[in-house]
Amino acid sequence: MPQWTQIVRKSSRNKEKGTMASPVALILCLFIYSVAGQAPVVTVVPRSSIVRHGESVSFRCQVESGAQPIQMEWRRANNQALPDNIKTGPDGSVLTVANARPGNQGQYRCVATNSAGRGTATAVLNVKFAPRVRLIPEGPLHVRVGEHVTVECRATGRPWPALMWTRQGSTLQLVTTATNDVNVIQWASVRPEDSGVYVCQAENTEGVTEAKIEISVEMEPGAPLASVSTTEMTVVEGRTVTLECQATGSPPPEITWSKLRAPLPWKHIVVGGVLTLTEVGRQDSGQYICNATNLHGFSEAYTQMEVETPPYATCLPDQVRLRPGDALQVQCLAHGTHPIHFTWSRGSRGLPAGAEATRDGRLLIAHVKLSDSGTYKCVATNHISSSEAQAKVVVKA
Ligand SMILES: *[C@@H]1O[C@H](CO)[C@@H](O)[C@H](O)[C@H]1NC(C)=O
């Protein structure tokens, strides 16, 4: 308290001079006034805090200056009563949040009061929590073919959760409209094959939460309903693949197969709803559509097929002639399903000292020596198989 020391010094100087009593009294009055006249100045420690759901935290309100006695009190910044899990200590200076819950997030104000007035300071509490998800409508939904259907997935959570919709039993993320805390799945005109369970998943650093809705699309009696035995499949190049489609309906629907945005592969046969593709190649990857049609309408079912290919390696160049001191660079290239992993070797001895093989399949030697001559082998491997290629290196003076 600078004022205090200043005043004391002044008064003692006056005493030394041994002058009249009245200035001493005046100064004493000033002194009492200056302390009594100061409203409290307070700060809070910490100023802000981030806790997880269920954790505890305390904020302390400390007096920087001001005349005693000072009374302290904590309030919510919006002046609402403190929730039951938030308590203040006996002298009012410490605010303790036990077992923090999302609703505790906000500002808390320490109010210090004395005879001269009051001072305040504010603490900010942030509470992180795992997502909570709500679907609107909740479901189950019974709708008729051709109706417009919208389901909103609303989530809360801190940090804000990421939202996505999938169909139960599938990992494919569905195309939806998302804005901040809402992700909407909708059908302009719902079809029988859209019947099923849909899952909205919300994820943040605190956890993952799901909400499900069952949608059943009621059909006209007799209308076709197509279904495929597998919706996603991965096959290796060269294999023969059969895709099965079944359909209910009356009269029995006619089944046709097509490929999305492309004609069916040349080597295909359709017999009684079964599509057989022989010797599939990479270009045959894509979405295959089964269409069941009768006089009441049509129904589609989809199979997504990915064709994986073994690697096929080549070296570029495959022969090199160099002089001692030249730089060597050979690239190993490979076609096939990624990821592809490359390894270089020379004979059974591995690579000579000074040779470097990079992750993307290059073999490098900054300055070749006569002893670096030889046949180098590159092996390209993916999860199906591996393939070898060779490069012949001749170093001559
Ligand atoms: C399925 O058949 C219906 C009726 O014949 C047709 O309108 C529809 O475009 C077909 N869908 C596909 C993907 O070929």
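## Basis of the model

Residues are numbered from 1 along each chain, following the sequence as written. In this predicted model, local features need pLDDT of at least 70 and side-chain atom pairs count only at pLDDT 80 or more, while totals for chains, interfaces and linings use all residues.

## Annotated domains

An unreviewed UniProt entry places the feature "domain: Ig-like" at residues 40-126, 131-216, 224-308 and 311-394. UniProt positions are given in the numbering used here, feature names are shortened, and annotations may be inferred rather than shown by experiment.

Residues 40-126 are 0% helix and 59% strand, and the end C-alpha atoms of this span lie 27 Å apart. For residues 224-308 the content is 0% helix and 61% strand, with the end C-alpha atoms 34 Å apart. Helices (H or I, at least four residues) and strands (E, at least two) are DSSP runs, numbered from the N terminus.

## Surroundings of the ligand

The ligand is surrounded by S258, I289, N291, T293, F298 and E300. A residue is near a molecule or strand if its C-beta atom, placed from the backbone, lies within 6 Å of it. By type, the shell around the ligand divides into 2 nonpolar, 3 polar and 1 charged residues. Here Ala, Val, Leu, Ile, Met, Phe, Trp, Tyr, Cys and Pro count as nonpolar, Asp, Glu, Lys and Arg as charged, and the others, Gly among them, as polar.

At least two residues of this shell come from each of β22 (286-294) and β23 (297-308). β22 gives the largest share, 3 residues.

## Nonpolar cores

In soluble globular proteins, nonpolar side chains tend to be buried together. A nonpolar core is a set of buried Ala, Val, Leu, Ile, Met, Phe, Trp, Tyr and Cys residues joined through C-beta atoms within 7 Å. A residue is buried if 20 or more other C-beta atoms lie within 10 Å of its own, exposed if 12 or fewer, and partly exposed in between, with C-beta atoms placed from the backbone.

The largest nonpolar core has 19 residues, of which V44, C61, Y108, C110 and A112 touch the most other members. Two or more residues of this core are given by each of β1 (41-45), β3 (57-65), β4 (71-76), β6 (94-97), β7 (106-114) and β8 (117-136). The largest share of this core, 5 residues, belongs to β8. Leaving out residues up to four places away in sequence, C110 touches V42, V44, C61, M72, W74, T120 and A121. Contact here means C-beta atoms, placed from the backbone, within 7 Å. Another core, of 18 residues, lies apart from this one and includes I340, W344, V368 and V395.

## Strand pairing

Two strands pair if DSSP finds at least two bridges between them. Strand β11 (residues 162-167) runs antiparallel to strand β14 (residues 196-204), and 6 bridges join them. In this pairing, T166 stands opposite V199 in β14.

β14 also pairs with strand β15 (residues 207-218), in the antiparallel sense and over 9 bridges. A hairpin of 2 residues joins β14 to β15. N204 has G207 in β15 as its bridge partner.

## Backbone details

Two cis peptide bonds are described here. One runs from R158 to P159, with omega near -5°, and P159 is in the loop between β10 (149-158) and β11. Another runs from H338 to P339, with omega near 0°; P339 is in the loop between β26 (328-335) and β27 (341-346).

N99, a residue other than glycine, has a positive phi, near 55°. N99 is in the loop between β6 and β7, and counts as exposed because it has 12 C-beta neighbours inside 10 Å. E279 likewise has a positive phi, near 45°. This residue lies in the loop between β21 (274-277) and β22; E279 has 12 C-beta neighbours inside 10 Å and therefore counts as exposed.

## Two further residues

G297 is in strand β23 and counts as partly exposed, with 19 C-beta neighbours inside 10 Å. G297 touches A223 and P224, not counting residues up to four places away in sequence. G297 and E220 are 77 residues apart in sequence, and their C-alpha atoms are 9.2 Å apart in space.

P90 is in the loop between β5 (86-88) and β6. P90 is exposed, with 6 other C-beta atoms within 10 Å. P90 and Y198 are 108 residues apart along the chain, and 53 Å separates their C-alpha atoms.

Terms used
Two residues are in contact if their C-beta atoms, placed from the backbone, lie within 7 Å.
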